Amino acid sequence: MPSSFHSKIVNRVAIAAFALAASSASALAAEKTLTIYTYESFISDWGPGAKVAEAFEKSCGCKVDYVGVADGVELLTRLKLEGEATKADIVLGLDTNLVAEAKATGFFAPHGLDTKGLEVPGDFSDDVFIPYDYGHFAVVYDTEALKEPPKSLKELVEGDPSQKIVIEDPRTSTPGLGLLLWMKSVYGDEAGEAWAKLKDRILTVTPGWSEAYGLFTKGEAPMVLSYTTSPAYHMVAENTDRYQAAPFAEGHYIQIEVAGRTKNADDPELARQFLAFMTGPEFQSIIPTTNWMLPVGETRGPLPEAFGKLVQPEKTFLMSPQEVADNRKAWIDEWLAAMSRN
């Protein structure tokens, strides 16, 4: 083979290899990234995060990058600290109790989507935040450690101090805030006194739900503040009825979880695309058996049988977002004062 011909072949191969490499580099550089701020349990090994990312990435030609914080209230706190410099495109894991305060920051953009097909208690709808699941707060107890669980919030408050409960901090956690609002809904102006009584039953206050539930399942306390849907996890994943939610006579406070896109999203259309995906059957089908909450939209099939065995609250408490925003600081101060009493 003549050397000149050999040189041409080598050059062509080199050029082709360079072009392929350049094309690959360009494709990688062009791949879009959607940054989602959420709470830790959403992106835990057993949470919905990985399945949600995998499903969305197939349709969006993008990469989903999660940033996790302890719990929902901390999401809002972090966003306020970062301000306009935030890298969040989507914030997923706030709830209706934080909607007014979150909108007041000016960091969020209207979603521009039709949400009429979503079904949530009280028909919650908003032009900025879209609901993706819901569940009622409940005291979940270990049937092997506690034979007679409280049947009401009053029994929880006034019960045996030796039977402990783990709760979450209302300053950092949406379940903790939910309990605060539940107590306020039932006790009103006497909530501070009720907290002072309940204090002796509280083993510890954790920053978020994951830590609280972990202590509970390790046997550190026979009760934990969680959800009416939590027992479904144990029934479906562990095939046990050991952990149950206690139905409370006064009723239960509800949590409706929401997500929204930020005004500074790198790719507003990609963020909107995710919110639309979030309301669809693929995302909604993932939620019940990973986030262990109830879906707000259509799923691809019926829920597992265990969901039919859950506590169905006879009365639901839910304050308006504005009422919570107007009073949250004062009510947390009331809680702190009660918890610090000797």
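## Close-up views of a predicted model

Glu144 is exposed, with a relative accessible area of 54%. The model shown in every view is predicted.

**View 1. Glu144 and Arg242 meet in a salt bridge.** The N to O distance between the two side chains is 3.5 Å. Glu144 sits in the loop between S5 and helix H5 (153-158), while Arg242 sits in the loop between H9 and S9. The two residues are 98 residues apart, so this pair links distant parts of the chain. With 54% relative accessible area, Glu144 is over the 50% cut-off and therefore counts as exposed. Arg242 has a relative accessibility of 29%, so this residue counts as partly exposed.

**View 2. Arg242 also forms a salt bridge with Asp142.** Here the closest N and O atoms are 2.8 Å apart. Asp142 belongs to strand S5 (residues 130-142), and Arg242 to the loop between helix H9 (230-237) and strand S9 (243-246), so the bridge ties together parts that are 100 residues apart in sequence. Is Asp142 buried or exposed? Asp142 is buried, with a relative accessible area of 5%.

**View 3. Glu101 pairs with Lys80 in a salt bridge.** The closest N and O atoms lie 2.7 Å apart. Glu101 is part of helix H4 (residues 99-104) and Lys80 is part of helix H3 (residues 72-82), so the bridge ties together parts that are 21 residues apart in sequence. Glu101 counts as buried at 17% relative accessibility. Lys80 is partly exposed, and its relative accessible area is 41%. Which residues make up the network of salt bridges here? Lys80, Glu101 and Arg328 are linked in it. Over the whole structure, a search finds 14 salt bridges.

**View 4. Helices H6 and H12 pack at an angle of about 90°.** H6 covers residues 174-187, and H12 covers residues 321-339. Their axes are 11 Å apart. The angle makes H6 roughly perpendicular to H12. From H6, the contact uses Leu177, Leu180, Leu181 and Lys184. From H12, it uses Val324, Arg328, Trp331, Ile332, Glu334 and Trp335. By class, the contact has seven nonpolar, no polar and three charged residues. Arg328 of H12 takes part in this contact, and Arg328 is also in the salt-bridge network with Lys80 and Glu101.

**View 5. Asp326 is found in helix H12.** Asp326 counts as exposed, at 57% relative accessibility. How far is Asp326 from Ala100, C-alpha to C-alpha? The two are 9.1 Å apart in space, yet 226 residues apart in sequence.

**View 6. Cys60 and Cys62 form a disulfide.** Their sulfur atoms are 1.9 Å apart. The torsion about the S-S bond is about -85°, so the disulfide is left-handed. Cys60 is buried. Cys62 is buried as well. How many disulfides does a search of the whole structure find? The search finds one.

**View 7. Phe248 lies in the loop between S9 and strand S10 (252-262).** Phe248 has 5% relative accessibility, so this residue counts as buried. What does Phe248 touch, leaving aside residues up to four places away in sequence? Its contacts are Val139, Pro150, Lys151, Ser152, Leu153, Leu156 and Trp182. The C-alpha atoms of Phe248 and Lys315 are separated by 9.3 Å. Along the chain, Phe248 and Lys315 are 67 residues apart.

**View 8. Asp123 has a positive phi in a residue other than glycine.** The value is near 55°. Asp123 is placed in the loop between strand S4 (108-109) and S5. At 67% relative accessibility, Asp123 counts as exposed.

**View 9. Trp292 has a positive phi although it is not a glycine.** Its phi is about 55°. Where is Trp292 placed? Trp292 is in the loop between helix H11 (281-286) and strand S11 (294-295). Trp292 is buried, with a relative accessible area of 7%.

Technical notes:
Residues are numbered from 1 along each chain as its sequence is written. This is a predicted model: local features need pLDDT of at least 70, side-chain atom pairs count only at pLDDT 80 or more; totals for chains, interfaces and linings use all residues. Side-chain values use heavy atoms; hydrogens and water are left out. Axes are lines fitted to C-alpha atoms, for helices over the stretch in contact, and angles run from 0 to 180 degrees between N-to-C directions. Helices (H or I, at least four residues) and strands (E, at least two) are DSSP runs, numbered from the N terminus. Angles under 35 degrees count as roughly parallel, over 145 as roughly antiparallel, 65 to 115 as roughly perpendicular and the rest as oblique. Contact means heavy atoms within 4.5 Å. Ala, Val, Leu, Ile, Met, Phe, Trp, Tyr, Cys and Pro count as nonpolar, Asp, Glu, Lys and Arg as charged, and the others, Gly among them, as polar. A disulfide is a pair of cysteine sulfur atoms within 2.5 Å. Buried means under 20% relative accessible area, exposed over 50%, partly exposed in between (1.4 Å probe, protein chains only). A salt bridge is a side-chain nitrogen of Lys or Arg within 4 Å of a carboxyl oxygen of Asp or Glu.
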